[in-house]
Amino acid sequence: MKSFRVLRLAALLLCYFAQVGHIAFGQSRSLGFNATDSQPDIKPESLVFRRQATRRMVFDQSQDIPLGGLAPSEIIGLDVMHPVVGSQKGQIENRLGAGKLVLSAAGEASACRWVGAMNPFASYDLSLHSFAGSGRVGIRFSDSENEDHLSASILISDGKYQSVEWEVFRDNEVIDRQGFSWPKDFSVDGPIRLRVQMLAVGVNLYLESSGQFCLIGYSDFAQHFDLRRKDLARRFEFCLHTHLDAGASAEILGLRSALTPGCGQADIRAITNQFGEPLLDEGRVWLTMTVRGRALPHPLQGVFSMNPSVFDIRFEGIIVFDMGDGLLRNELASHLFFDEPSRQWRGWTTGFSALGTTTGKEAKAILAISSDRDPRRGFSVMKASPIGVVGEHEDPHGVYDVEAKKWRLLLSERAGKYRAGIWESDHWDRGYERLAGPVEMDSTGTLIQKIGRSRFVFFGSADRKVYICSYPDLNRVGELQIHRPPWNEQTGTRIWPNIIPLPEGYPAPFIAIMMDRVNFPGMPSPNWTYGAMYLYHAHP
């Protein structure tokens, strides 16, 4: 009887520790086609990936992750919730009613109201119902310790919309002012939304009305304010700024700040465990994608999820990176994995933020990233440091190879053009030496993935192909068959394959979520604002 009690107690303890370990993992399970003798030896070149669906998120408000705002219907005590800040001129009357904030002035007046904190990687919206008379209304990012600010304003003359103006004010003077003419044939019959997409070192300005949406202007401002600086960004505030001529009035529907999926999504890659097996958590695969802004270094590292039996892609969060130098950096093209032995989130990313510095002393590099906190949801900061591989390489994807007892890292190496190469090390974050490559073919979106019992290497290319190579020696095996590929004769073909194996019970044993390279219209060159997302299914 005593031995039975001991065995029962031992069983209960095992169950308890198993549950604790599961909870510590954040309820994430690794999913993979683990090699077994019963699995078929599948040739990846025999798979045909057939297009199922496509979608592009262009500031899709249903996907927004809210940060703050001013909602007139929810305000009780305007001057307490949203006080006037900074210097003001004259007297603006404020009235709340019918879901609007109505601002009016008998004489010329201007004022700035606090809306919320400022996140330099967020987007900001001002919804203007109407404006009578002349003046301006807009979004201002103000330094709480002085009068320095950056602002985007709609200018109105006698009730007619004239332009959008971007202004940088520092040390009591305007040091940059750019005006952007009101777009022709742009509807003004309904409310107008001004959207300010902040990119830490730059900004994009958009207008939206009656289903129309257009880019109206853009600017870079790092030479004046580098808002990647943590100390500086923490001082800045998100405000409503209004200047009214005598007798003018404005009706505001609201302001809001949010993390958004941007104007395009690209560089799609599954989040995995250390062996490269995609995570399946809450019945969803988890993906890193680039949230597009304009060129480089404007994009952000986004996190998305999807039920792999359907196409319900959901924007989950933004990750920025801290190298210990006082900056929060918008790196991208990352591979994120959960390292089960250490219970830590780790990975590799590409140091594109070096292109945003004004000193010219930084070089783009592959960085090792880590976080004890699960970085998949909300706004997350991961530690980052160079792995020591010299060169302007991109698109890292790594696995721990149990048989070799080595970490293997696949890169798009800058070698004239970008070409795939494999490096290996005893450590995930340093000490890498070349193992194979670089290949001769142009390479992007480099991926190590297991198909059946064997690993293979995949990458997109400028020559209208997705190549398949052997792992780890990078001998050419063939090309991926894609029915209705995500390109046509006029668009680029350097896409990311992002092949994901699935267990039994799903509509297809293999899916792929790829992107196109169609840029958002109206952006200046260079313009890397692609693209749309495409779901593919493949069967042996």
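What follows is a set of questions and answers on the chain shown above.

This is a predicted model, in which local features need pLDDT of at least 70, side-chain atom pairs count only at pLDDT 80 or more, and totals for chains, interfaces and linings use all residues. Residues are numbered from 1 along each chain as its sequence is written, and side-chain values use heavy atoms, with hydrogens and water left out.

Q: What makes the radius of gyration of the chain agree with that of a compact globule?
A: The radius is taken over C-alpha atoms, and the globule rule is 2.2 Å times the number of residues to the power 0.38. For 540 residues the rule gives a value near 24 Å; the chain has 26 Å, so the two agree. Along the principal axes, the C-alpha atoms fill a box of roughly 85 × 70 × 45 Å.

Q: How many helices and strands does the chain have, and how are they assigned?
A: Helices (H or I, at least four residues) and strands (E, at least two) are DSSP runs, numbered from the N terminus. By that rule the chain has three helices and 39 strands.

Q: Why is Cys239 called buried?
A: Buried means under 20% relative accessible area, exposed means over 50%, and partly exposed lies in between (1.4 Å probe, protein chains only). Cys239 has a relative accessible area of 0%, so Cys239 is buried. Cys112, at 4%, is buried too. Across the chain, buried residues make up 57% of the 540.

Q: What makes a group of residues a nonpolar core, and which residues have the most contacts inside the largest one?
A: A nonpolar core is a set of buried Ala, Val, Leu, Ile, Met, Phe, Trp, Tyr and Cys residues joined through side-chain atoms within 4.5 Å. The largest has 105 residues, and those with the most contacts inside it are Phe141, Ile154, Val196 and Leu207. Strand β38 (residues 510-515) supplies the largest share of this core, six residues. A second, separate core has 14 residues, including Val439, Met441, Phe459 and Cys469.

Q: Which residues is Val196 in contact with, leaving aside its neighbours within four places in sequence?
A: Contact means heavy atoms within 4.5 Å. Among the partners of Val196 are Ala122, Tyr124, Ile139, Phe141 and Leu205. For the chain, 61% of contacts between residues at least 6 apart in sequence join residues at least 24 apart.

Q: Is Lys383 buried or exposed?
A: Lys383 has 62% relative accessibility and therefore counts as exposed. Lys383 is in strand β27 (residues 378-386). Beyond its neighbours within four places in sequence, Lys383 is in contact with Asp322, Ala368, Ile369 and Ser370.

Q: Why is Asp189 called exposed?
A: Its relative accessible area is 74%, so Asp189 is exposed. Asp189 lies in the loop between β11 (173-181) and β12 (192-198).

Q: Why does Asp395 count as buried?
A: Asp395 has 3% relative accessibility, so it counts as buried. Asp395 is not a glycine, yet has a positive phi of about 55 degrees. Asp395 is in strand β28 (residues 394-401).

Q: Where are cis peptide bonds found?
A: One joins Gly437 and Pro438, with omega about 5 degrees. Another joins Ser525 and Pro526, with omega about 0 degrees. Pro438 is in the loop between β31 (433-436) and β32 (444-451), and Pro526 is in the loop between β38 and β39 (533-538).
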